[in-house]
Amino acid sequence: MISVILVNYRTAMQTLDAVASVKTQQDIDPLEIFVIDNSISDSEDALLRTCLPDDVIHIRNHENTGFAKACNQAFALSRGEFILLLNPDARLLPLALSRLTKSLKERPHAGAIGPRTYWDEDCQFLMPPSTFPSINSFYKQAISRLHAKLSRYQSFDFREKALQAWTSTTPIPVEALSGGHVLIRREAILKCGGLFDERFFMYWEDTDLMQRLRKSGYQLYIDPMAGCLHFYEHSPAKDQLIGQGWSTYQQKNFQRNIHFQFAQWLSNRLPPVQAPNILPLTPDNEKLTFPIPQELRKAWLLELGTTPQFIPAIGHFGSGPVAVVDTILFKRLRENTYFARL
(Lines give C-alpha, C1' and ligand atoms only; values in the text may rest on other atoms or scores of the structure.)
Protein backbone atom coordinates (compact mmCIF):
# COMPACT_ATOMS: atom_id res chain seq x y z
CA MET A 1 0.00 0.00 0.00
CA ILE A 2 1.04 3.60 -0.67
CA SER A 3 0.05 6.29 1.83
CA VAL A 4 -0.21 9.76 0.29
CA ILE A 5 0.07 12.84 2.52
CA LEU A 6 -0.88 16.38 1.50
CA VAL A 7 -1.00 19.42 3.79
CA ASN A 8 -3.36 22.21 2.79
CA TYR A 9 -2.97 25.81 3.87
CA ARG A 10 -5.41 28.08 2.03
CA THR A 11 -4.77 26.31 -1.28
CA ALA A 12 -7.84 24.08 -1.49
CA MET A 13 -8.22 24.32 -5.28
CA GLN A 14 -4.60 23.35 -5.79
CA THR A 15 -4.93 20.55 -3.26
CA LEU A 16 -7.87 19.11 -5.19
CA ASP A 17 -5.81 19.12 -8.40
CA ALA A 18 -2.87 17.48 -6.63
CA VAL A 19 -5.14 14.73 -5.26
CA ALA A 20 -6.62 14.23 -8.74
CA SER A 21 -3.11 13.74 -10.17
CA VAL A 22 -2.65 10.88 -7.68
CA LYS A 23 -6.07 9.34 -8.21
CA THR A 24 -5.52 9.10 -11.98
CA GLN A 25 -2.23 7.21 -11.64
CA GLN A 26 -2.28 3.77 -13.26
CA ASP A 27 -0.65 0.42 -12.41
CA ILE A 28 -0.05 1.30 -8.78
CA ASP A 29 -0.36 -0.39 -5.39
CA PRO A 30 -3.51 0.29 -3.33
CA LEU A 31 -3.75 3.87 -2.08
CA GLU A 32 -4.80 5.70 1.03
CA ILE A 33 -4.78 9.49 0.79
CA PHE A 34 -4.64 11.94 3.70
CA VAL A 35 -5.36 15.65 3.39
CA ILE A 36 -4.51 17.59 6.55
CA ASP A 37 -6.07 21.06 6.48
CA ASN A 38 -4.20 23.73 8.46
CA SER A 39 -6.14 26.63 6.93
CA ILE A 40 -8.38 27.57 9.88
CA SER A 41 -10.95 28.53 7.26
CA ASP A 42 -14.59 27.45 6.97
CA SER A 43 -14.60 28.05 3.21
CA GLU A 44 -11.48 25.92 2.68
CA ASP A 45 -12.95 23.17 4.83
CA ALA A 46 -16.27 23.27 2.97
CA LEU A 47 -14.59 23.11 -0.44
CA LEU A 48 -12.45 20.15 0.56
CA ARG A 49 -15.32 18.27 2.16
CA THR A 50 -17.52 18.84 -0.88
CA CYS A 51 -15.00 18.09 -3.62
CA LEU A 52 -12.54 15.54 -2.28
CA PRO A 53 -13.24 11.93 -3.31
CA ASP A 54 -15.12 9.99 -0.62
CA ASP A 55 -12.20 7.68 0.10
CA VAL A 56 -9.79 10.52 0.91
CA ILE A 57 -9.20 10.97 4.64
CA HIS A 58 -9.71 14.66 5.35
CA ILE A 59 -8.65 16.03 8.74
CA ARG A 60 -9.26 19.64 9.72
CA ASN A 61 -6.94 21.17 12.30
CA HIS A 62 -8.22 24.08 14.37
CA GLU A 63 -4.83 25.75 14.34
CA ASN A 64 -2.00 25.94 11.84
CA THR A 65 0.25 23.27 13.30
CA GLY A 66 2.89 23.69 10.58
CA PHE A 67 3.92 21.36 7.78
CA ALA A 68 6.12 18.98 9.79
CA LYS A 69 3.57 18.33 12.53
CA ALA A 70 0.69 17.92 10.06
CA CYS A 71 2.66 15.33 8.05
CA ASN A 72 3.47 13.44 11.26
CA GLN A 73 -0.23 13.53 12.14
CA ALA A 74 -1.08 11.72 8.91
CA PHE A 75 1.91 9.39 9.12
CA ALA A 76 0.75 8.15 12.54
CA LEU A 77 -2.53 7.04 10.96
CA SER A 78 -1.05 5.63 7.76
CA ARG A 79 -0.52 1.96 6.92
CA GLY A 80 1.44 2.08 3.66
CA GLU A 81 4.74 0.39 2.97
CA PHE A 82 5.62 3.56 1.07
CA ILE A 83 4.82 7.19 1.95
CA LEU A 84 4.28 9.77 -0.78
CA LEU A 85 4.62 13.39 0.30
CA LEU A 86 3.08 15.79 -2.22
CA ASN A 87 2.70 19.57 -2.11
CA PRO A 88 -0.64 21.12 -3.11
CA ASP A 89 1.18 23.00 -5.90
CA ALA A 90 2.63 19.76 -7.32
CA ARG A 91 1.11 17.36 -9.87
CA LEU A 92 2.26 13.85 -10.64
CA LEU A 93 2.58 13.20 -14.36
CA PRO A 94 1.07 9.97 -15.77
CA LEU A 95 2.70 6.75 -14.52
CA ALA A 96 5.01 8.67 -12.17
CA LEU A 97 3.90 6.85 -9.03
CA SER A 98 4.18 3.38 -10.51
CA ARG A 99 7.66 4.23 -11.76
CA LEU A 100 8.79 5.60 -8.38
CA THR A 101 7.39 2.58 -6.55
CA LYS A 102 9.06 0.16 -8.95
CA SER A 103 12.42 1.91 -8.61
CA LEU A 104 12.23 1.92 -4.82
CA LYS A 105 11.29 -1.77 -4.69
CA GLU A 106 14.23 -2.62 -6.95
CA ARG A 107 16.66 -0.79 -4.63
CA PRO A 108 16.37 -2.06 -1.04
CA HIS A 109 19.27 0.23 -0.09
CA ALA A 110 17.26 3.29 -1.20
CA GLY A 111 15.37 5.13 1.51
CA ALA A 112 13.60 7.61 -0.76
CA ILE A 113 13.21 8.49 -4.41
CA GLY A 114 11.98 11.58 -6.20
CA PRO A 115 10.83 12.41 -9.74
CA ARG A 116 12.31 14.76 -12.31
CA THR A 117 10.46 17.97 -11.60
CA TYR A 118 9.29 20.67 -14.01
CA TRP A 119 8.19 24.23 -13.36
CA ASP A 120 5.74 24.43 -16.28
CA GLU A 121 3.07 22.26 -17.87
CA ASP A 122 5.06 22.01 -21.11
CA CYS A 123 7.96 20.46 -19.17
CA GLN A 124 10.46 22.92 -20.62
CA PHE A 125 11.75 24.44 -17.36
CA LEU A 126 13.49 22.06 -14.98
CA MET A 127 13.47 22.63 -11.23
CA PRO A 128 16.87 22.51 -9.51
CA PRO A 129 18.01 19.41 -7.63
CA SER A 130 17.94 19.65 -3.85
CA THR A 131 21.29 20.31 -2.19
CA PHE A 132 22.62 19.12 1.12
CA PRO A 133 24.42 21.57 3.43
CA SER A 134 27.78 20.31 4.62
CA ILE A 135 30.84 21.75 6.34
CA ASN A 136 32.71 21.37 3.06
CA SER A 137 30.07 23.42 1.23
CA PHE A 138 30.25 26.15 3.89
CA TYR A 139 34.01 26.48 3.39
CA LYS A 140 33.56 26.56 -0.39
CA GLN A 141 30.91 29.25 -0.05
CA ALA A 142 33.09 31.39 2.19
CA ILE A 143 36.22 31.06 0.03
CA SER A 144 34.22 31.77 -3.14
CA ARG A 145 33.76 35.33 -1.86
CA LEU A 146 37.44 36.11 -2.25
CA HIS A 147 37.34 36.46 -6.03
CA ALA A 148 34.85 36.28 -8.91
CA LYS A 149 36.70 33.31 -10.42
CA LEU A 150 36.36 31.34 -7.19
CA SER A 151 32.67 32.22 -7.15
CA ARG A 152 32.30 30.75 -10.64
CA TYR A 153 33.93 27.48 -9.56
CA GLN A 154 31.26 26.96 -6.92
CA SER A 155 28.56 27.91 -9.40
CA PHE A 156 29.82 25.41 -11.97
CA ASP A 157 30.03 22.73 -9.28
CA PHE A 158 26.30 23.10 -8.67
CA ARG A 159 25.62 23.26 -12.41
CA GLU A 160 27.38 19.90 -12.85
CA LYS A 161 24.98 18.32 -10.33
CA ALA A 162 22.03 20.03 -11.97
CA LEU A 163 23.01 18.86 -15.45
CA GLN A 164 23.24 15.28 -14.23
CA ALA A 165 19.76 15.52 -12.71
CA TRP A 166 18.32 17.26 -15.78
CA THR A 167 19.80 14.99 -18.46
CA SER A 168 20.09 11.51 -16.93
CA THR A 169 17.98 8.74 -18.45
CA THR A 170 18.28 6.25 -15.57
CA PRO A 171 17.87 6.62 -11.78
CA ILE A 172 20.81 8.43 -10.20
CA PRO A 173 21.92 8.87 -6.56
CA VAL A 174 21.54 12.41 -5.22
CA GLU A 175 22.46 14.32 -2.07
CA ALA A 176 18.93 15.25 -1.02
CA LEU A 177 15.30 15.26 -2.12
CA SER A 178 12.48 17.77 -1.73
CA GLY A 179 9.69 16.97 0.73
CA GLY A 180 7.26 18.44 -1.79
CA HIS A 181 7.33 15.38 -4.05
CA VAL A 182 9.06 12.30 -2.70
CA LEU A 183 8.31 8.62 -2.12
CA ILE A 184 9.83 7.26 1.10
CA ARG A 185 10.13 3.73 2.44
CA ARG A 186 8.26 3.40 5.76
CA GLU A 187 10.92 1.07 7.13
CA ALA A 188 13.54 3.75 6.47
CA ILE A 189 11.45 6.42 8.21
CA LEU A 190 11.12 4.29 11.32
CA LYS A 191 14.79 3.34 11.30
CA CYS A 192 15.99 6.96 11.10
CA GLY A 193 13.84 8.17 13.97
CA GLY A 194 10.53 9.16 12.43
CA LEU A 195 9.19 11.34 9.65
CA PHE A 196 9.73 14.99 10.59
CA ASP A 197 11.26 16.73 13.60
CA GLU A 198 8.45 18.97 14.85
CA ARG A 199 10.88 21.65 15.93
CA PHE A 200 10.64 22.67 12.26
CA PHE A 201 7.45 24.58 11.51
CA MET A 202 7.99 24.69 7.76
CA TYR A 203 11.08 24.41 5.50
CA TRP A 204 14.32 22.49 6.18
CA GLU A 205 12.44 19.64 7.86
CA ASP A 206 12.91 17.62 4.67
CA THR A 207 16.67 18.30 4.61
CA ASP A 208 16.86 17.13 8.21
CA LEU A 209 14.99 13.93 7.23
CA MET A 210 17.33 13.32 4.29
CA GLN A 211 20.33 13.70 6.56
CA ARG A 212 18.89 11.18 9.02
CA LEU A 213 18.12 8.73 6.20
CA ARG A 214 21.69 8.98 4.96
CA LYS A 215 23.10 8.54 8.46
CA SER A 216 20.99 5.37 8.75
CA GLY A 217 22.71 3.95 5.68
CA TYR A 218 20.09 4.68 3.02
CA GLN A 219 20.71 6.20 -0.40
CA LEU A 220 18.53 8.78 -2.13
CA TYR A 221 17.64 8.72 -5.83
CA ILE A 222 15.99 10.67 -8.61
CA ASP A 223 14.19 8.65 -11.27
CA PRO A 224 14.04 10.78 -14.45
CA MET A 225 11.41 8.50 -15.98
CA ALA A 226 8.97 9.68 -13.28
CA GLY A 227 7.77 13.22 -13.88
CA CYS A 228 6.19 15.84 -11.64
CA LEU A 229 5.07 19.44 -12.09
CA HIS A 230 5.83 21.89 -9.30
CA PHE A 231 4.24 25.30 -9.84
CA TYR A 232 6.61 27.00 -7.42
CA GLU A 233 6.04 30.66 -6.60
CA HIS A 234 8.27 32.85 -4.49
CA SER A 235 7.09 35.49 -2.03
CA PRO A 236 8.76 37.54 0.71
CA ALA A 237 6.69 35.69 3.33
CA LYS A 238 8.50 32.48 2.43
CA ASP A 239 11.90 34.08 3.08
CA GLN A 240 11.08 34.54 6.76
CA LEU A 241 9.89 30.94 7.16
CA ILE A 242 12.92 29.62 5.28
CA GLY A 243 15.17 31.65 7.57
CA GLN A 244 13.46 30.27 10.67
CA GLY A 245 13.81 26.72 9.36
CA TRP A 246 17.48 27.24 8.56
CA SER A 247 18.11 28.59 12.05
CA THR A 248 16.50 25.47 13.53
CA TYR A 249 18.57 23.25 11.25
CA GLN A 250 21.80 24.99 12.24
CA GLN A 251 21.02 24.70 15.95
CA LYS A 252 20.25 21.01 15.61
CA ASN A 253 23.07 19.93 13.32
CA PHE A 254 25.92 22.44 13.50
CA GLN A 255 25.67 24.46 16.69
CA ARG A 256 28.54 22.68 18.44
CA ASN A 257 30.59 21.97 15.33
CA ILE A 258 33.84 23.93 15.54
CA HIS A 259 34.39 23.66 11.76
CA PHE A 260 30.98 25.23 11.08
CA GLN A 261 31.70 27.98 13.59
CA PHE A 262 35.00 28.76 11.88
CA ALA A 263 33.36 28.77 8.42
CA GLN A 264 30.76 31.23 9.74
CA TRP A 265 33.49 33.39 11.28
CA LEU A 266 35.36 33.37 7.97
CA SER A 267 32.24 34.15 5.96
CA ASN A 268 31.34 37.11 8.21
CA ARG A 269 34.74 38.69 7.59
CA LEU A 270 34.92 38.28 3.84
CA PRO A 271 33.45 40.72 1.29
CA PRO A 272 30.19 39.93 -0.55
CA VAL A 273 30.29 37.59 -3.53
CA GLN A 274 31.93 39.27 -6.52
CA ALA A 275 29.38 38.90 -9.27
CA PRO A 276 30.33 38.72 -12.94
CA ASN A 277 29.34 41.50 -15.34
CA ILE A 278 25.57 41.86 -15.07
CA LEU A 279 23.25 43.58 -17.54
CA PRO A 280 19.85 44.73 -16.20
CA LEU A 281 16.80 43.38 -18.01
CA THR A 282 13.36 44.92 -18.27
CA PRO A 283 10.35 42.61 -18.72
CA ASP A 284 8.27 43.13 -21.86
CA ASN A 285 4.60 42.95 -20.88
CA GLU A 286 5.55 40.76 -17.90
CA LYS A 287 7.45 38.41 -20.17
CA LEU A 288 11.21 37.94 -20.32
CA THR A 289 12.85 37.60 -23.73
CA PHE A 290 16.52 36.73 -24.14
CA PRO A 291 18.20 37.20 -27.54
CA ILE A 292 20.61 34.33 -28.14
CA PRO A 293 24.09 35.10 -29.52
CA GLN A 294 24.74 33.57 -32.92
CA GLU A 295 27.36 31.16 -31.59
CA LEU A 296 24.90 29.60 -29.09
CA ARG A 297 21.84 29.17 -31.29
CA LYS A 298 22.35 25.50 -32.10
CA ALA A 299 21.92 24.58 -28.44
CA TRP A 300 21.71 26.68 -25.30
CA LEU A 301 20.87 26.47 -21.61
CA LEU A 302 19.09 29.31 -19.84
CA GLU A 303 19.44 29.34 -16.04
CA LEU A 304 17.29 31.42 -13.68
CA GLY A 305 18.40 31.93 -10.07
CA THR A 306 18.08 34.19 -7.06
CA THR A 307 21.85 34.77 -6.71
CA PRO A 308 24.65 35.62 -9.18
CA GLN A 309 26.09 32.17 -8.46
CA PHE A 310 22.91 30.41 -9.61
CA ILE A 311 22.76 28.15 -6.58
CA PRO A 312 20.09 26.95 -7.03
CA ALA A 313 18.80 27.62 -10.56
CA ILE A 314 15.93 26.58 -12.81
CA GLY A 315 17.13 25.27 -16.19
CA HIS A 316 15.69 25.56 -19.70
CA PHE A 317 17.30 23.84 -22.69
CA GLY A 318 16.58 25.11 -26.19
CA SER A 319 17.81 26.17 -29.60
CA GLY A 320 17.19 29.12 -31.89
CA PRO A 321 17.54 32.90 -31.73
CA VAL A 322 15.47 33.65 -28.61
CA ALA A 323 14.65 32.25 -25.17
CA VAL A 324 11.39 33.26 -23.50
CA VAL A 325 10.05 33.07 -19.97
CA ASP A 326 6.31 33.36 -20.56
CA THR A 327 4.00 35.60 -18.55
CA ILE A 328 2.49 32.79 -16.47
CA LEU A 329 5.97 31.81 -15.28
CA PHE A 330 7.34 35.32 -14.89
CA LYS A 331 4.46 36.23 -12.58
CA ARG A 332 5.61 33.52 -10.17
CA LEU A 333 8.88 35.41 -9.69
CA ARG A 334 7.41 38.08 -7.48
CA GLU A 335 9.01 40.87 -5.48
CA ASN A 336 12.59 39.75 -5.73
CA THR A 337 15.75 40.19 -7.79
CA TYR A 338 16.54 37.35 -10.16
CA PHE A 339 19.51 36.52 -12.35
CA ALA A 340 19.67 34.85 -15.74
CA ARG A 341 22.61 33.15 -17.42
CA LEU A 342 23.00 31.74 -20.92
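Okay, let's start inside one helix: Lys-102 and Glu-106 sit four residues apart in H4 (residues 96-106), so about one helical turn separates them. Helices here are DSSP runs of H or I with at least four residues, strands are runs of E with at least two, and both are numbered from the N terminus. Those two side chains form a salt bridge, with the closest N and O atoms 2.5 Å apart. By salt bridge I mean a side-chain nitrogen of Lys or Arg within 4 Å of a carboxyl oxygen of Asp or Glu.

Quick word on what you're looking at. This is a predicted model, so local features need pLDDT of at least 70 and side-chain atom pairs count only at pLDDT 80 or more, while totals for chains, interfaces and linings use all residues. Residues are numbered from 1 along each chain as its sequence is written, and side-chain values use heavy atoms, with hydrogens and water left out.

The cut-offs: buried is under 20% relative accessible area, exposed is over 50%, and partly exposed is in between, using a 1.4 Å probe and protein chains only.

How many salt bridges does the rule give? The count comes to 18. Let me pick out a few. Arg-49 and Asp-45 pair up at 3.1 Å, N to O, and both lie in helix H2, four residues apart, about one turn of the helix. So is each partner buried or exposed? Arg-49 counts as exposed at 52%, whereas Asp-45 is buried, with a relative accessible area of 9%.

Then there's Arg-91 with Asp-17, a salt bridge at 3.8 Å, N to O. Arg-91 belongs to strand S5 (residues 90-92) and Asp-17 to helix H1, so this pair ties together parts that are 74 residues apart in sequence. Here Arg-91 counts as buried at 12% relative accessibility, and Asp-17 as partly exposed at 41%. And if you like networks, have a look at Asp-197, Arg-199, Asp-208, Arg-212 and Lys-252, which are linked by salt bridges.

Okay, helix packing. Two packed helices are described by the angle between their axes and the distance between the axes. The axes are lines fitted to C-alpha atoms, for helices over the stretch in contact, and the angles run from 0 to 180 degrees between N-to-C directions.

H1 covers residues 12-23 and H2 residues 42-51; their axes come within 9 Å and cross at roughly 25°. That makes H1 roughly parallel to H2. For the labels, under 35 degrees is roughly parallel, over 145 roughly antiparallel, 65 to 115 roughly perpendicular, and the rest oblique.

Contact means heavy atoms within 4.5 Å. By class that's six nonpolar residues, one polar and one charged. Nonpolar covers Ala, Val, Leu, Ile, Met, Phe, Trp, Tyr, Cys and Pro, charged covers Asp, Glu, Lys and Arg, and the others, Gly among them, are polar.

Now the pair H5 (residues 135-143) and H10 (residues 258-269). Their axes come within 9 Å and cross at roughly 15°. H5 and H10 are therefore roughly parallel, and the crossing is left-handed. From H5, Ile-135, Phe-138, Tyr-139 and Ala-142 meet His-259, Phe-260, Phe-262, Ala-263, Leu-266 and Ser-267 of H10. The tally here is eight nonpolar, two polar and no charged residues.

Tyr-218 is in the loop between helix H8 (205-215) and strand S10 (219-230), and is buried, at 8% relative accessible area. Leaving out residues up to four places away in sequence, Tyr-218 touches several others, including Pro-108, His-109, Glu-187 and Leu-213. Its C-alpha is 9.3 Å from that of Cys-192, 26 residues away in sequence.

Thr-169 lies in the loop between helix H6 (148-167) and strand S8 (172-174). Thr-169 counts as exposed at 60% relative accessibility. Beyond neighbours within four places, Thr-169 is in contact with Pro-224 and Met-225.

Key:
Left-handed = near helix turned anticlockwise from the far one by under 90°.
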